[in-house]
Amino acid sequence: MSPDEARQDVIAWSLERSSIRLDAAERELAAGVPQLAADHAYYACFHLVSAVFLQDGLTMKRHSAVRAALHGRLIQTGRLDRQWGKVFDRLAELRTKSVYTALFDLDAEAGRAIVDDALGLAAELRRMLSGE
């Protein structure tokens with residue numbers, strides 16, 4: 001397998017993982033666990049942002065590097081609207097709280113809002129990956 005084929009396989013895997021995570025976010029919302037929905041929503045977008053960078057020939061090992069690159073390489077260059085950077089930042093903050101903060105709670109309305117924002121960001125990132 002050529003390096004380009006391997007890269008395309010990882011991008012396809014990332015697209016699939018993102019869909020799985022978004023489906024899981026919806027299930028967690030329906031089950032009344034919005035904090036887990038927010039965690040799934042973050043990872044759905046994280047996989048897609050990572051795939052955009054991989055398509056550009058870049059790989060990153062840390063969540064903070066992906067977040068910084070999103071702002072430096074996508075937002076500041078105009079490839080992605082600033083509103084989506086704010087959405088990704090909010091997703092990252094909620095993911096950190098859900099993992100590292102004892103007794104973290106998120107109400108259903110806020111959970112729905114962040115999943116909806118993640119769906120919008122995911123759609124935009126998928127458009128970028130498709131070359132539109």
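Trainee: Where is Leu103 found?

Mentor: Keep in mind that this is a predicted model. Leu103 is found in a loop. The helices on either side of that loop name it: Leu103 sits between α4 and α5.

Trainee: Is Leu103 buried or exposed?

Mentor: Look at the relative accessibility, which is 84% for Leu103. The cut-off for exposed is over 50%. Therefore Leu103 counts as exposed.

Trainee: What is the phi of Leu103?

Mentor: Most residues other than glycine have a negative phi. Leu103 is not a glycine, yet its phi is positive. The value is about 60 degrees.

Trainee: Now α4. What does this helix reach from its first C-alpha to its last?

Mentor: Helix α4 covers residues 82-100, which makes 19 residues. At 1.5 Å a residue, 27 Å is expected. The model comes close to that, with a reach of 27 Å.

Trainee: Which side-chain oxygen reaches the backbone nitrogen of Gln83?

Mentor: Go to the start of α4. There a side-chain oxygen comes to within 2.9 Å of that nitrogen. The oxygen belongs to Asp81.

Trainee: What covers the buried residues of α4?

Mentor: First, the residues themselves: Trp84, Phe88, Leu91 and Arg95 are among the buried ones in α4. Residues three or four places apart in an α-helix point the same way, because there are 3.6 residues a turn. The cover includes α2, α3 and α5.

Trainee: Is Cys45 buried or exposed?

Mentor: Cys45 lies in helix α2, residues 34-55. Its relative accessibility is 0%. Buried means under 20%, so Cys45 counts as buried.

Trainee: How many Å apart in space are Cys45 and Leu121?

Mentor: In sequence, 76 residues separate Cys45 and Leu121. Even so, Cys45 is in contact with Leu121, and its other contacts include Phe88, Leu91 and Ala118. From C-alpha to C-alpha, Cys45 and Leu121 are 7.0 Å apart.

Trainee: Which helix gives the most to the lining of the largest pocket?

Mentor: The largest pocket has a volume of about 150 Å³ and is lined by 13 residues. With six residues, the one that gives the most is α2.

Trainee: How many residues of that lining are charged?

Mentor: Among those nearest the pocket's centre are Val10, Ser50 and Met60. Over the lining of the largest pocket, nine residues are nonpolar and four are polar.

Conventions:
Residues numbered from 1 in each chain as written. Predicted model: local features only at pLDDT ≥ 70, side-chain atom pairs only at ≥ 80, totals over all residues. Heavy atoms only, no water. Helix = DSSP H or I, 4+ residues; strand = E, 2+ residues; numbered from the N terminus. Buried < 20%, exposed > 50% of the residue type's maximum accessible area, 1.4 Å probe, protein only. Contact = heavy atoms within 4.5 Å. 1 Å grid on protein atoms, 1.4 Å probe; cavity = no way out; pocket = protein on both sides within 12 Å on 5 of 7 lines; lining within 4 Å. Points joined across faces, edges and corners; volume = space filled by probe spheres on them. Nonpolar A, V, L, I, M, F, W, Y, C, P; charged D, E, K, R; others polar. Expected span 1.5 Å × (residues − 1). Polar contact = N/O pair within 3.5 Å; in protein donor to acceptor, adjacent residues only side chain to side chain.
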